[in-house]
Amino acid sequence: MESGQRTAVHFGAGNIGRGFVGLLLHDAGYRLVFADVAAPLIDAINATPSYTVHEVGEGGVDHLVDGYAGVNSATNETELVDRIAEADVVTTAVGPSILKFVAPAIARGIAARPASAGPLAVMACENAINATDILEQEVRAAAKGEGLDDADVDARSVFANTAVDRIVPAQDPGAGLDVRVEPYFEWAIEQEPFGDDVPDIPGVTWVDSLGPYIERKLFTVNTGHASAAYFGRLAGAQKISDALAMPEVRAKVEAVLAETKALLVAKYGFAPEQQQAYVEKILGRFANPELPDTVERVGRAPLRKLSRHERFVGPAAELAERGLPADALLAAMGAALAFDAPDDEEAARLQALLGGDSSHEDVAEELTGLGADHPLHDAVVGVVKGAREAQPD
Ligand SMILES: NC(=O)c1ccc[n+]([C@@H]2O[C@H](COP(=O)([O-])OP(=O)(O)OC[C@H]3O[C@@H](n4cnc5c(N)ncnc54)[C@H](O)[C@@H]3O)[C@@H](O)[C@H]2O)c1
Ligand SMILES: O=P(O)(O)OC[C@@H](O)[C@@H](O)[C@H](O)[C@H](O)CO
């Protein structure tokens, strides 16, 4: 390692890890350490001196990433903690439900930091509202076991929420570490936690308040994406771009995005024409025929996607609370309930729940967290009833 070079430990060397977060940190001059539990992936990282991020679609160029190392976080905690102790930045792209598993090593790394080291910047790059807050809670809980109280954690680390946007599909098995991505990206990070010491990461959009960014991203990109996946899969499409090319699917996705636009405009005061331009841009990204993205990847983990504060129920509940329509979102939830992809563990649990004996009301509440007193409750129960009646015997 060059002396004085900043280092970053990134958890999750998968699609977004290699194809986006790792790339931007590399280009910012950080020496990267990828931490992952997939042994063959870590072996490949340590055996391969560089990989290429191929941007596919209009304006796409190639980027070389090198100078990194890999640590197996399942089997080599000693090295992982050492790396975190000396790092400037820790990022994650592992999935929101995995954050609790990476938190203990981060806490141990914070505890092992030399007094001379500056605070560790910790940023979760997941599709979830305030994912870093979730990680921070887990790290603080684990830090207590290391003898650190909250003031010690405050002195040694800075936690900042982020919103990451770049479509990175599943990769060809023969591609090695190379990653195909779309040319577009946005990485918005809240600035305030860093005070006057904001990390130098070119390409990042530093924002005062992340709430509008993450909700606009999750309720437009991810709501639209998931709608295209679920409606598209029902219509027989395998690729997202094929789904968008089906007029009836595109119309349903546009109807969903008209509803989330109404919410975002009412809630955050976005100019309607600005939000519409954002929607059009995103539909163009979904339609990129060079991006081999599948309805299975985009529809993955349907229980997470149907949960209370996620891309469907989150905006639909707020629309209902405001007395605004959410019929297209409810239709998309109905399509999500039909998601029975064979290799998806959450899809199997979803289908078992729908096929079980619980009442429609209990299933609706278990899936969405909406109680009987919520204005969307009865409509969601109707969606569950419809999905159960449509289930094959
Ligand atoms: N792919 C995208 O287009 C995209 C875009 C924006 C945000 N995201 C978000 O980024 C996150 C990762 O998505 P992805 O598409 O890269 O998934 P992925 O499956 O390609 O990568 C996840 C990686 O995390 C690793 N992992 C799992 N458990 C771990 C653990 N305990 N410790 C360390 N590593 C662990 C896996 O082995 C895998 O390599 C998700 O939250 C996703 O919503 C994805
Ligand atoms: O990663 P998920 O499962 O939350 O959502 C699937 C896709 O919508 C998502 O990965 C997008 O490609 C990404 O969020 C684009 O920025």
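Which domains does the domain assignment of the protein chain give? There are two entries, domain 1 (7-209) and domain 2 (212-390), with bounds taken from an automatic or database domain assignment. This is a predicted model, where local features need pLDDT of at least 70, side-chain atom pairs count only at pLDDT 80 or more, and totals for chains, interfaces and linings use all residues. Residues are numbered from 1 along each chain as its sequence is written, while chains are lettered from A and ligands numbered from 1 in the order in which they are written.

**The two domains**
- Between the C-alpha centres of domain 1 and domain 2 the distance is 28 Å.
- Their contact (C-beta atoms, placed from the backbone, within 7 Å) takes 15 residues from domain 1 and 18 residues from domain 2.
- On the side of domain 1 that touches domain 2 you will find nine nonpolar, four polar and two charged residues.
- Here Ala, Val, Leu, Ile, Met, Phe, Trp, Tyr, Cys and Pro count as nonpolar, Asp, Glu, Lys and Arg as charged, and the others, Gly among them, as polar.

**Around ligand 2**
- Both domain 1 (7-209) and domain 2 (212-390) give residues to the shell around ligand 2, so the ligand lies between them.
- Among the residues that surround ligand 2 are Asn 127, Asp 165, Arg 166, His 225 and Arg 300.
- Helix H7 (residues 211-234) supplies the largest share of this shell, four residues; helices are DSSP runs (H or I, at least four residues), numbered from the N terminus.
- By class, the shell holds five nonpolar, three polar and three charged residues.

Key: Near = placed C-beta within 6 Å. Helix = DSSP H or I, 4+ residues; strand = E, 2+ residues; numbered from the N terminus. Contact = placed C-beta atoms within 7 Å.
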